[in-house]
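Here are my notes on the model you sent over. Have it open in a viewer while you read.

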Amino acid sequence: MIRFLKDLWHYVRLVWRSKFKYMMLLFALWLYRIDFMPDTGGGLAKGIQIVSVFGLLYYIHKYRRNIVSYSCLQTNLAIKSCLVLYTYAVVSTAWAYMPTLAFFMSFQNVVLVMLMVWFFNLFRDFKSMEIGFLVFALSSVLFECVVSRILHPSVMIHFLGGGSAAALIFTYSVAEWMKAKDKKRKHFLKYSTIISFILMVTCTSMGANAAALFGFALACLFAGKVIFAVFIMFCSLFLYANGDMIDDIILALNPGKTMEMIETGNGRDAIWETLLNNAQQKPLLGWGYACIERTAPDVLGGQILSDAHNNYIGMYGSLGVVGLVLFVYHLVVSALSAFGHRMKVGYLGLFVAMVTAAVNGYSYGFLSGKGCSITVIYFAIIVLTFCYRKVPYIK
């Protein structure tokens with residue numbers, strides 16, 4: 001484990017010593033702003049976010065001049081459908097409840113997708129590309145989890161973004177670990193699985209844990225580990241038949257919460273009901289990207305919502321029926337893109353991680369208005385459905 005962490009640090013230091021160090025610094029600054037700097041209206045948080053996003057865009061264009069045309073015209077349907085969705089989100093600025101917010105949040109996602117396209121096109125073989133993905137994802141989540149515990153010292157901490165991102169890494173890693181034959185790759189995937197599992201559990205996100213369990217069952221099934229898949233199903237049926245045990249287990253896995261909080265999703269029921277009622281006022285085009293949350297300031301006693309806590313409700317409320325259709329279409333074609341190549345190395349992990357993200361999206365709006373680490377890692381997974389098949393296994 002220590003050696004694996006040293007390897008991660010070694011890769012991070014290599015990037016820091018390269019010409020891409022300013023891009024890494026800008027991304028870390030963006031991640032810190034998103035996770036740990038609330039927008040209090042003073043302008044500093046907004047300024048940092050704007051500088052980091054446009055700084056990343058400058059360097060992407062500097063190192064690859066045709067990044068826009070390449071991303072839009074020469075990639076696969078998974079990437080193109082994602083860019084169409086967020087381009088439409090940018091257009092929603094024209095009728096948005098908060099035009100400036102709608103423009104920046106949607107434009108930010110377009111930049112992040114292109115950042116991932118640029119990043120993974122740097123690699124020339126599958127093994128280095130997969131290591132690049134896992135190092136990027138794990139170092140991002142480790143950065144978040146370490147800083148969150150410095151600010152709030154505790155082993156167990158409710159950190160939705162970190163737990164959700166770790167769930168994607170965990171399901172990808174465990175799916176590929178079960179199929180891997182290359183000893184070095186299997187070793188790397190094993191420790192990636194262990195570390196991401198620890199990070200996921202200690203972030204106490206019930207939605208992320210449930211989504212990861214579902215993804216793990218799928219991984220077992222398609223990796224030929226039918227016994228494990230059946231065991232998970234048996235445990236689920238057993239718990240369903242013994243309802244009195246479920247409460248104790250849930251409370252043990254979610255320290256600091258009561259059953260009332262868990263059953264209502266920490267107030268999500270009230271949030272969803274309010275947002276759906278508001279969404280029905282503009283059903284076709286919505287209130288503008290990331291804006292439906294801002295139409296309900298009273299749902300949490302005056303606190304402004306930054307997240308609809310549901311990708312699907314968030315997309316419907318912000319982009320209307322049109323946006324929801326585009327979003328579901330993107331999810332379907334992306335999943336099919338990975339599932340159709342599931343016998344090839346890397347693709348089972350991508351498929352399982354996508355399903356985990358789709359399930360987790362029921363409780364976390366990381367694609368419908370909230371930009372965070374899981375958003376970028378999801379974009380990385382989408383881009384890898386294209387980049388994995390472009391390169392040989394090893395150069």
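1. First, the ground rules. This is a predicted model, in which local features need pLDDT of at least 70, side-chain atom pairs count only at pLDDT 80 or more, and totals for chains, interfaces and linings use all residues. Residues are numbered from 1 along each chain as its sequence is written, and side-chain values use heavy atoms, with hydrogens and water left out.

2. The overall picture: the protein has 17 helices and zero strands. Helices (H or I, at least four residues) and strands (E, at least two) are DSSP runs, numbered from the N terminus. Of its 395 residues, 54% count as buried, where buried means under 20% relative accessible area, exposed over 50% and partly exposed in between (1.4 Å probe, protein chains only). Among contacts with a separation of 6 or more, residues 24 or more positions apart account for 75%; a contact here means heavy atoms within 4.5 Å.

3. Have a look at helix 2 (residues 21–36). At 1.5 Å a residue, its 16 residues should span 22 Å, and the end C-alpha atoms are 22 Å apart, which agrees. (The expected span is 1.5 Å times one less than the number of residues.) M23, L26, F27, W30, L31, R33, I34 and F36 are buried in this helix. Those buried residues pack against helix 3, helix 6, helix 7 (126–151) and helix 17.

4. Two of those partners also pair up with each other. The axes of helix 3 (residues 44–63) and helix 6 (residues 99–120) come within 10 Å and cross at roughly 35 degrees. Axes are lines fitted to C-alpha atoms, for helices over the stretch in contact, and angles run from 0 to 180 degrees between N-to-C directions. The crossing is left-handed, meaning that the near helix is turned anticlockwise from the far one by less than a right angle (clockwise would be right-handed). Helix 3 brings Q49, I50, V53, F54, L56, L57, I60 and Y63, and helix 6 brings F104, M105, F107, Q108, V111, M114, L115 and W118. By class, that contact has 14 nonpolar, two polar and no charged residues. Ala, Val, Leu, Ile, Met, Phe, Trp, Tyr, Cys and Pro count as nonpolar, Asp, Glu, Lys and Arg as charged, and the others, Gly among them, as polar.

5. Which residues does F104 touch? Leaving out residues up to four places away in sequence, F104 touches Q49, I50, V53 and F54. F104 sits in helix 6 and is buried, with a relative accessible area of 12%. F104 and I50 are 54 residues apart in sequence and 8.2 Å apart in space, C-alpha to C-alpha.

6. Next, helix 8 (residues 160–179) and helix 17 (residues 373–387): their axes come within 8 Å and cross at roughly 20 degrees. The two are therefore roughly parallel (angles under 35 degrees count as roughly parallel, over 145 as roughly antiparallel, 65 to 115 as roughly perpendicular and the rest as oblique). This crossing is left-handed. G161, S164, A165, L168 and I169 of helix 8 meet S373, I374, I377, Y378 and I381 of helix 17. These contact residues divide into seven nonpolar, three polar and no charged.

7. Finally, check two backbone angles. Most residues other than glycine have a negative phi. A290 has a positive phi of about 65 degrees although it is not a glycine, and H309 has one of about 60 degrees. A290 lies in the loop between helix 14 (268–279) and helix 15 (311–339), and H309 is placed in the loop between helix 14 and helix 15. A290 counts as buried at 0% relative accessibility, and H309 counts as buried at 18%.
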